[in-house]
Amino acid sequence: AGGAGGSGTIILAFRNDTSAPLATIRGIVNVTQPEHGTCYAFCSSGTFTPKEDLVLLHALVVGGGGSGGWMVGGGGGGGGVVSLGYLKDGKKTVLKKGTTYSITVGAGGGNRVAGDLSSSGTSRGKTECVDGLPGEPSSLTIGGQVYTAQGGGYGGSWFLWDEGTKKGADGKYVPGGVGACGGGSAEQTGPGVAGTAGGAGGASTNTAAGGGGGMCGAGGDGREVAADNLISGDGGAGFASGITGTTVIYGAGGGGGGQKGESGRNVAAGNAGGASAGAGGYGTVGGDALPNTGSGGGGGGLFKWDTMYRGGNGGSGTVILSVMTVADFDRDIGSRGFIVDGEHTVSKRSKDYVVTLKSSGSLKAFSKLKILRALVVGGGGSGGWMVGGGGGGGEVVEYRPEKGSELRLNKGDACAVTVGAGGGNRVAGDLSSSSTSRGYT
C-alpha cells in the first residue's frame with residue numbers, strides 16, 4: 001500500500017503587543033479586566049506610561065519570597081506586601097498622561113550549591129548543606145515617592161555536613177522592610193525574629209523544622225505528636241487580594257521540611273505552605289512557591305540519613321496596577337460612592353447597595369455612606385478522620401442598628417474585611433495523596 005499523506009497545519013507567528021490602549025508598557029505584563037477598570041500585573045521590572053490621565057484604583061507591591069533551607073530545613077519567609085488604595089488625603093490618585101512610572105519586581109530566593117551537590121538538588125557523601133536565600137525587594141515609584149516591599153527571609157538548614165554536629169543558621173530576615181522571616185531548621189532553639197509587618201518563622205523540635213513566616217501570620221512550630229511521629233511547621237498565612245479579578249494569596253510562608261526515616265527512627269512529615277507557598281519536603285526536595293506571588297519555598301527533606309534535599313525556591317514578587325480613565329471612573333464608580341477591594345459581588349436594591357465579599361479585602365468610601373445592615377459568617381470546621389465527628393458551622397453575627405444610629409463612613413474611610421477559610425485537613429506521617437492512611441500514621 002502507498003504511504004499515508006501527511007496532515008495539514010496552520011502556523012501563526014505572534015508578537016506580544018505591549019502598547020496597551022491605556023498606556024505604553026515596558027516589561028512582561030499580564031493584563032486582566034476585573035469588574036472595574038484594567039489591571040496590569042508586572043511579572044518583571046519595567047515602566048508604565050499612561051496615554052491619558054488614569055485613576056489609580058488600587059496598587060499592590062509584593063517582594064520576592066525566600067527559599068527554604070536544606071535537610072529538614074525551615075520554610076522560606078513570605079515577601080512583603082504593600083497595598084495602596086486610590087484615595088490619598090481624600091482625593092483620587094491620578095497617574096498623569098505622559099509620565100513614566102518605574103517598577104521593580106524582586107526575584108524569589110534561589111538555591112546555593114556547595115561541595116558536590118548534584119544537579120537534582122540532592123546531597124550525597126561529605127558535603128555541605130546550606131541555608132536558603134532571601135527574596136529581593138520590589139518597588140513602585142509614584143510622584144517621587146517610592147513604595148518598597150522587602151523580600152522574605154530564608155529558611156535555615158539543619159547543620160553543616162562537613163563539620164559533623166555544627167548546626168547551620170537559623171531562619172533569617174534582613175531588617176529594614178516588611179518581609180517575613182524564614183523558619184528555623186531542625187533543632188534550632190527558637191523562632192526567627194518577625195519582619196516589620198511579617199510573621200516570625202516557626203521554631204523546631206527534634207527533627208521537625210519550623211514553617212516560614214507569612215505576611216499575615218507567623219510560621220508554625222515543629223512539634224512531636226507521638227513517639228517517632230513529628231510534624232513540621234506550616235507556613236504562615238499570606239495576604240489575600242482580588243485585585244486582578246481572581247483571589248490570590250501573596251507573601252505566604254513555606255512549610256518546614258521533614259525526615260522520612262526507617263523503623264525506630266524519628267520521622268517528620270513536611271507540612272504544606274500557605275496556599276501559594278511551597279510545601280516542606282518529606283524525604284524529598286522542598287516545594288517551589290508559585291511565581292509572582294512572593295511566597296516562600298518549602299524546607300528541604302531528609303531520607304534515612306542517606307540523601308539530603310534542597311529547599312524549595314521562593315516565588316518572585318510582582319507589582320500590580322488597577323486603573324480606569326477619569327471619565328469611566330466618574331460614570332461607573334463615582335455615582336455609587338465606594339469601591340471594593342477583594343472578590344465580591346454588588347447588587348442594587350432601590351437606592352441601596354448590597355455588597356457580598358467572598359475574600360478578605362476592604363470597602364473604601366469616597367462619599368458619605370451609612371451601613372444599614374451587616375452579616376458576618378465565620379468559616380466552618382472540617383470533619384474528623386476515621387469515623388470522625390462532623391465539623392461545626394461557623395458563627396453568624398448580624399448587625400442591624402436602629403434607624404438613625406447606623407455606622408457611618410466618611411469620605412476617605414476604609415472598612416477592613418476578613419473572610420475566614422473553612423477548616424482543611426492536616427497531613428501527618430505516611431498519608432497518601434488520595435487522603436487515605438496506610439500503615440503507621
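## Ground rules

Because the model is predicted, local features need pLDDT of at least 70 and side-chain atom pairs count only at pLDDT 80 or more, while totals for chains, interfaces and linings use all residues. Residues are numbered from 1 along each chain as its sequence is written, and side-chain values use heavy atoms, with hydrogens and water left out.

## Around Thr38

Start with Thr38, which sits in strand S4 (residues 38-42). Strands here are DSSP runs of E, at least two residues, and get their numbers from the N terminus. Thr38 comes out as buried, at 10% relative accessibility. For that label, buried is under 20% relative accessible area, exposed is over 50%, and partly exposed is in between, using a 1.4 Å probe and protein chains only.

Who does Thr38 touch? Setting aside neighbours within four places in sequence, Thr38 has contacts (heavy atoms within 4.5 Å) with Leu22, Val31, Thr32, Gln33, Leu321, Ser322 and Val323. With Gln33 there's also a side-chain polar contact of 3.3 Å. A polar contact is a pair of N or O atoms within 3.5 Å; within protein, one must be able to donate a hydrogen and the other to accept it, and residues adjacent in sequence count only if both atoms are side-chain atoms.

## Cysteines

Cys39 is buried, with a relative accessible area of 0%, whereas Cys43 is partly exposed at 23%. As for disulfides (cysteine sulfur atoms paired within 2.5 Å), the structure holds zero.

## Salt bridges

How many salt bridges turn up in the whole structure? The search finds three, each being a side-chain nitrogen of Lys or Arg within 4 Å of a carboxyl oxygen of Asp or Glu.

One of them pairs Asp53 with Lys96, at 3.9 Å from N to O. Asp53 is in the loop between strands S5 (46-50) and S6 (54-62), and Lys96 is in the loop between S10 (94-95) and S11 (101-104), so the pair ties together parts 43 residues apart in sequence. Asp53 is partly exposed at 30%, and so is Lys96, at 44%.

Asp288 and Arg310 make another, at 3.5 Å. Their loops, S20 to S21 for Asp288 and S22 to S23 for Arg310, are tied together by the pair across 22 residues of sequence. Asp288 is partly exposed at 42%, but Arg310 counts as buried at 18%.

Then there's Glu398 with Arg373, at 2.6 Å. Glu398 lies in strand S30 (residues 396-399) and Arg373 in the loop between S28 (369-371) and S29 (374-377), so this pair links parts 25 residues apart in sequence. Glu398 is partly exposed, at 43%.

Note on methods:
Helices (H or I, at least four residues) and strands (E, at least two) are DSSP runs, numbered from the N terminus.
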